[in-house]
Amino acid sequence: MTTAAIQHRKPSVIRRLGPARVGVYLFLLTASVFFLMPLYIMLVTSFKTMDEIRLGNIFALPVSLTLEPWVQAWTSACTGVSCNGIRGGFWNSVWIVVPSTFIPILLGAMNGYALSFWRPPGAQALFGVLMVGAFIPVQVMMFPLVKIMGSLGLFGTLPGIVLIHVIFSMPVMTLLFRNYYLSIPQELFKAARIDGGGFFRIFAQLMLPMSTPMIIVAAIMQVTGVWNDYILGLVFAGRDNLPMTVQLNNVINTTTGTRLYNVNMAATILTSMVPLIIYFVSGRWFVRGIAAGAVKG
Amino acid sequence: MHMKVHTGHVLRTLVSWGALLPMAVTVIVAYLGTVLWSLKISFTNSRTFPSDELVGFAQYTRLFANERWVLSLQNLALYGVLFIAACLAIGFLLAVFIDQKVKGEGLFRTVFLYPYAMSFVATGLVWQWLLNPTNGLQQAVRQMGFEDFTFDWIIDQDMVIYTIVIATVWQASGLVMALMLAGLRGVDEEIWKAARLDGIPTWRVYLSIVLPMLGPTIATVLVLLLTAVVKVFDSVVSMTQGGPGTASEVPAKFIMDHLFGRANIALASAGSIVLLLTVVALVAPFIYARSRAASKASA
Amino acid sequence: MRRTMKQFGVLSVLMALAGVAHGAGPQAEVIHWWTSGGESAAVRTFSEAYTAAGGVWVDTAIAVGEQARSVAVNRIVGGTPPAAAQFNTTKQFLDLVEQGMLNNMDDVAAKQGWDKVLPEPVLNVVRVKGHFYAAPVDIHMPTWFWYSKAAFKRAGIANEPKSVDELFAALDKLRAAGLIPLAHGGQPWQESIVFTAMLANVGGSELYLKVLRDRDAKAIQSPAFKEVLLAYKRLQGYVDKGAPGRNWNDATALLITGKAGVQIIGDWAKGEFSTAKQVPERDYGCIPGFGPKSPYIIQGDAFVFPKTSNAETVKAQKLLAEVMLTPATQVAFSNHKGSIPVRMDVDVSKMDACAQKGLAIMKDKSRQLGNGEVYLNPDQNGALSDVLTAYWNRNIPVEKVQKDIAAALSN
């Protein structure tokens with residue numbers, strides 16, 4: 001295949017700056033306006049004073065631009081008795097996110113591997129029930145899980161919240177890896193078995209290395225999911241391990257207290273920085289990962 | 001020889017099950033266990049704490065006599081169909097257009113993906129402001145000169161559910177786009193070349209050839225979107241609080257309100273059992289068929 | 001006052017440090033939902049007073065009452081209860097009492113004479129079967145009528161309305177002047193507040209108690225109650241189109257910027273006014289009710305103390321309860337919070353003009369009425385709220401609403 005042939009991958013009518021190409025950019029730019037509008041409002045609000053915000057012109061650019069809300073959000077917004085901004089929960093979130101990404105991915109990969117290659121009897125049924133479990137609202141499972149965690153002595157501990165995240169992410173992780181492995185030819189697996197490989201050996205030496213793209217995809221989904229989690233961390237993490245989202249919620253939410261919208265917006269953007277940076281940096285891998293056949297079912 | 005194969009088979013099953021043990025424990029204890037517990041509670045008159053006093057189907061009767069609950073189910077059905085359709089359509093279109101080797105692909109992708117990274121507690125409020133007729137879009141467009149422009153769905157009890165669709169599609173379609181884009185990138189070069197040689201217009205290729213090939217991708221996306229539909233809660237709470245009145249009520253919010261605010265876990269459990277049964281009835285046959293097809297295909 | 005507070009604060013920090021160095025006093029983990037600026041300053045008066053008394057305050061703040069309470073309940077169930085948890089002065093914690101999950105504060109109550117200094121509606125909530133299971137800390141009144149002086153001036157309203165009829169007349173004038181007559185946040189709990197205001201001011205104390213405390217079906221079906229509901233619905237006509245879903249703060253902002261005339265909301269609104277540097281009687285007015293017998297609706301916050309046999313924690317709980325109800329702390333707390341002290345016997349001469357109005361009414365025992373939640377359990381209250389918000393937003397014949405309310409309250 002010559003270079004020229006590769007470059008003409010698509011019908012050339014699209015490549016010229018003809019009406020069709022303009023149409024493509026037009027569509028994408030229009031869509032971008034829709035997607036960016038809320039971010040624009042959030043940014044603009046976060047640089048205004050409360051007096052300006054009270055006037056209610058949400059689209060207006062700040063008349064008296066101020067960085068105060070951002071400083072306040074990070075260092076001095078009140079979250080209870082103490083007014084230290086949202087930075088307090090940052091490391092807690094990190095300690096929760098790292099194991100809660102690593103373990104579910106490992107288990108998801110192993111489950112997917114067992115389900116798609118070994119297929120022990122009854123496993124498919126188990127998988128079916130697991131998938132149904134993905135539809136149960138978190139709050140419904142709360143009470144019994146609290147009791148179980150309590151009796152295990154894990155309630156309000158870091159291992160406890162990690163275990164909770166493992167439980168709740170198992171359906172999606174298993175689904176992702178199972179589908180990924182289904183697209184890998186069975187012959188490869190059979191050859192490995194003939195070579196004398198056992199369950200764990202094949203997994204560690206053959207399947208896992210081949211799963212790199214999928215692992216990255218799963219990691220991205222899991223990191224953003226766990227980083228943004230509020231309710232599970234609130235209930236199960238215990239006072240010393242409360243994640244950043246709890247601080248964020250304390251700053252933003254109140255029933256009868258005053259609301260400083262500019263600080264709230266700044267705090268929200270700050271909290272979502274970590275997942276955003278991960279998206280931006282690993283966006284390429286994300287797409288490439290699934291391209292390797294992960295989502296082909 | 002026969003014995004050896006049999007033992008090998010047993011050993012293989014044991015080892016596989018050993019590896020699947022965490023999954024089995026999770027499913028049985030965490031998922032099945034809590035569902036069975038909820039089922040039991042739904043037959044009692046528990047308030048803040050579980051009680052053992054059985055009251056038969058009283059909670060279920062009360063549930064379906066409750067206007068708010070019935071409305072929440074209707075809303076969920078309407079919302080679900082619209083949300084999934086819109087996400088699939090928009091996600092697919094975005095992916096197709098980005099796939100046209102546009103400049104700044106990375107930037108466009110981030111623009112469409114960033115909503116997924118943000119918590120709905122704050123973004124929901126921004127959408128509330130945007131859709132508010134007094135301060136939001138309606139006002140802005142009117143100030144630009146279009147005096148008759150109306151966009152007050154969020155205060156209209158018949159239209160408010162559509163605003164929830166808009167906001168949640170904004171949040172989720174970026175993820176759908178990313179998944180679709182990856183699927184598109186997996187389409188073989190040869191297909192495109194062959195299509196070009198045959199002189200088929202691009203849009204035809206997408207519709208009749210590529211789309212069917214994305215079938216499995218779409219299936220996975222459907223599962224993810226469906227779980228999001230059933231659990232929709234944050235957006236409703238921060239945008240409309242279930243209002244105006246109870247017009248934008250959804251089952252997850254009904255359940256939450258009764259679990260904590262109303263201290264009536266029995267009614268909440270009844271609600272969640274009904275919700276779960278509805279989902280199972282809709283989804284189980286689909287999953288079963290897919291897993292049968294998948295195992296047949298790879299056999 | 002602030003400087004003294006600051007010195008007090010510094011002193012207590014030093015004392016706390018000294019305490020820490022000496023193997024500190026009783027440690028109390030407190031779950032509460034006071035996370036915004038003003039609330040934070042208020043709860044700090046408690047933590048500082050507690051530290052000054054030798055204790056160690058461990059703060060676990062969780063925004064939004066419902067969340068905080070559910071975490072408290074989960075912690076109790078999970079085996080790691082806090083020393084104290086915030087609830088409202090309502091039936092919310094009744095289930096906890098019945099399950100034997102709370103320690104009682106009878107010792108502290110006897111020492112400080114709670115049965116003599118607390119108002120009756122509050123006593124009836126915190127004293128269950130003769131024991132004191134909660135330490136109430138403040139009294140909030142949810143049905144104040146606030147108005148913007150600037151808006152009234154523009155609409156040509158010279159005098160503050162003195163009756164419900166005058167209120168409606170003022171609303172008409174505001175509308176004629178092109179302003180938003182009634183600033184309202186369309187959320188179910190705010191609609192309940194507007195209803196409560198009408199029940200109290202149009203229906204009167206007797207009808208109020210018959211409906212909410214006694215859940216008397218005859219009272220609910222009566223013509224007098226019908227009048228209340230019609231007045232409630234009538235107010236809806238004075239609300240602007242953008243009201244549904246709006247936060248109460250955004251409605252207060254309309255008053256602050258002079259775009260709207262009146263808002264019916266609780267005394268916590270003072271916080272928003274002060275953040276905008278507005279002063280009572282100069283920039284805004286506050287009306288607790290109409291007529292010489294208008295009731296003061298009582299709702300508030302109270303701390304419960306989860307059951308524990310750990311002697312140190314019990315000591316901490318008792319110290320905490322005692323500290324929170326000392327007169328000086330009570331006044332300091334309420335000044336920051338916008339509430340009035342729950343103790344009737346404290347020196348309140350330095351509190352702001354609106355608080356003084358409320359305190360004057362509280363002196364008359366017959367005008368002390370509890371909020372709906374004081375008499376109804378959370379489920380009944382929620383069911384009532386559903387009916388009210390439906391009626392506010394839809395055109396339902398008032399007779400049907402009466403029937404629905406009767407059904408909701410009979411659960």
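## A buried glutamine in chain A

Q247(A) is buried, at a relative accessible area of 16% (buried means under 20%, exposed over 50%, partly exposed in between, with a 1.4 Å probe and protein chains only). This residue belongs to helix 13 of chain A, residues 244-252 (helices are DSSP runs of H or I of at least four residues, numbered from the N terminus). Beyond its neighbours within four places in sequence, Q247(A) is in contact with T79(A), G85(A), I86(A) and G89(A) (contact means heavy atoms within 4.5 Å).

## Basis of the model

This is a predicted model, in which local features need pLDDT of at least 70 and side-chain atom pairs count only at pLDDT 80 or more, while totals for chains, interfaces and linings use all residues. Residues are numbered from 1 along each chain as its sequence is written, and side-chain values use heavy atoms, leaving out hydrogens and water.

Chain B has a mean pLDDT of 84, and 93% of its residues reach 70 or more (pLDDT is the predictor's confidence in each residue, from 0 to 100).

## Two domains in chain B

Chain B is divided into domain 1 (34-65 + 269-299) and domain 2 (72-263), with bounds from an automatic or database domain assignment. The C-alpha centres of the two domains of chain B lie 27 Å apart. In chain B, 10 residues of domain 1 are in contact with nine residues of domain 2.

Terms used:
Chains are lettered from A and ligands numbered from 1 in the order in which they are written. Helices (H or I, at least four residues) and strands (E, at least two) are DSSP runs, numbered from the N terminus.
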